[in-house]
Amino acid sequence: MEIEKRKKILLDYIIANDIKVISPIVENGRIIYPILKSSGLTDNDTEVLEKLKDEGLLYSETILKAVGCPLCKSLNILVVYKCPYCNSMNIKIKQIFKHDQCGFTGMDDLFESKKCPLCLRDLDKNELRSIGQTYKCMDCHQTFISPSIFFQCINCGNIFTVSNSETIPLYQYKIVEEKIEELKLKIKPIILIKELALKNGFQIKENEILKGNSGILHKFSLVLFKNNQVKIAIDVIDKLTLEYLMSSYVKKMDLPNVEIVIITNQEIKDPNFYNIIKTYNINLFYFKDLDILLKNIEKLINEVN
Ligand SMILES: [Zn+2]
Ligand SMILES: [Zn+2]
Ligand SMILES: [Zn+2]
């Protein structure tokens, strides 16, 4: 599917569901965005997220950097601790205790007998103080503060160290409220009109081109069909000019059996506009009052039904 189409699907979903944040999760070592899947796109389609970011509708934040496989970029990574002396994985964490009464300090196994190895007093657990921990290799018996850390990629089997690991950022996307609000004004009515049309048994097509009686092609934002017959054709525009109105008149003449609807935000003060709209039998509705807009569309739907 082309990027513009995917962009529209996601935007519609964001607006219809009032999404504010698009967060990633890691599944089988891949970064995915469940919201993308819910919207009907593929769950790792970051191209569409980046596109909306480039257009200023989303911004991204790095929520964490995860260790990734330098070969296959998978995040499905096992952390492996090894003995720095002999590379054995057979290592254990040991607690270090201090015998308060004599000051003897040693690993937990030195205190396993009933007597302190230094002062030979009977050991009371309350007199032993934990002062930290260390690692012990059960094969070469060396002790060490920190083990060697290796990573193993579950996906491709690659074994790598901290120094040649790759950190892969996980981005969370957030909406730019004012930009989305602006869009919402235009998109939400269309979403609601689509719902209304479907509920009333219409088929809908967006950005549809209709062929008029003259053979001229006319483009509309949203077209409502019933039994393969075009009933209502809707245009969504920012600025309503006289030229635009004239072109709508041409559309109306060329598609006589179709109700032509213009939805705009711009309020018309010029009475000449009203005369033209009335004379040409064009329906002019406004975005700003959603209830009135939907009532008008519903009325029209009932008329053509
Ligand atoms: Zn060892
Ligand atoms: Zn002691
Ligand atoms: Zn890998």
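Reader: What spacing do the donors of the zinc ion (ligand 1) follow along the chain?
Author: Good place to start! This is a predicted model, where local features need pLDDT of at least 70 and side-chain atom pairs count only at pLDDT 80 or more, while totals for chains, interfaces and linings use all residues. Residues are numbered from 1 along each chain as its sequence is written, chains are lettered from A and ligands numbered from 1 in the order in which they are written, and side-chain values use heavy atoms, leaving out hydrogens and water. Along the chain, the donors of this zinc ion show the spacing C-x2-C-x50-C-x2-C.

Reader: Which residues are the protein donors of that zinc ion (ligand 1)?
Author: Donors are N, O and S atoms within 2.8 Å of the metal (3.2 Å for Na, K and Ca), and sites may look incomplete because water is not among the atoms. Here the donor atoms are SG atoms, lying 2.2 to 2.4 Å from the zinc ion (ligand 1). They belong to Cys-83, Cys-86, Cys-137 and Cys-140.

Reader: How many residues apart in sequence are the parts tied together by Cys-83 and Cys-137?
Author: Cys-83 sits in the loop between strand 5 (77-82) and strand 6 (91-99); strands are DSSP runs of E with at least two residues, and helices are runs of H or I with at least four, numbered from the N terminus. Cys-137 belongs to strand 8 (residues 128-137), so the pair ties together parts whose separation in sequence is 54 residues.

Reader: What is the geometry of the site of the zinc ion (ligand 2)?
Author: This ion is coordinated by His-99 through ND1 and by Cys-102, Cys-116 and Cys-119 through SG, at 2.1 to 2.3 Å. The angles among its four donor atoms run from 98 to 117 degrees.

Reader: Is His-99 buried or exposed?
Author: His-99 lies in strand 6, and with Cys-119, 20 residues apart, it links distant parts of the chain. Cys-119 counts as partly exposed at 24% relative accessibility; the cut-offs are under 20% for buried, over 50% for exposed and partly exposed in between (1.4 Å probe, protein chains only). The relative accessible area of His-99 is 0%, so His-99 is buried.

Reader: Which strands are at the edge of the open sheet?
Author: Three strands form this sheet in the order 1-12-4, with antiparallel pairing; strands pair if DSSP finds at least two bridges between them. Strand 1 is joined to strand 12 (residues 166-175) by two bridges, and Ile-22 stands opposite Tyr-173 in strand 12. Each edge strand pairs on one side only, and these are strand 1 (21-22) and strand 4 (58-68).

Reader: At roughly what angle do the axes of helix 1 and helix 3 cross?
Author: Helix 3 (residues 46-54) packs on the sheet, touching strand 1, strand 4 and strand 12. Residues of helix 1 that meet helix 3 include Leu-10, Leu-11 and Ile-14; contact means heavy atoms within 4.5 Å. The two axes, lines fitted to C-alpha atoms over the stretch in contact, with angles from 0 to 180 degrees between N-to-C directions, come within 10 Å. The helices are therefore roughly perpendicular to each other, a label for 65 to 115 degrees, and the crossing is at roughly 75 degrees.

Reader: Which residues does Ser-248 touch, not counting those up to four places away in sequence?
Author: Ser-248 lies in helix 5 (residues 242-254). This serine is buried, with a relative accessible area of 1%. Beyond those neighbours in sequence, Ser-248 touches Ile-262 and Ile-282.

Notes: Four donors count as tetrahedral if all angles lie between 85 and 135 degrees; four count as square planar and six as octahedral if opposite donors are over 155 degrees apart and all others between 65 and 115; anything else is irregular. Angles under 35 degrees count as roughly parallel, over 145 as roughly antiparallel, 65 to 115 as roughly perpendicular and the rest as oblique.
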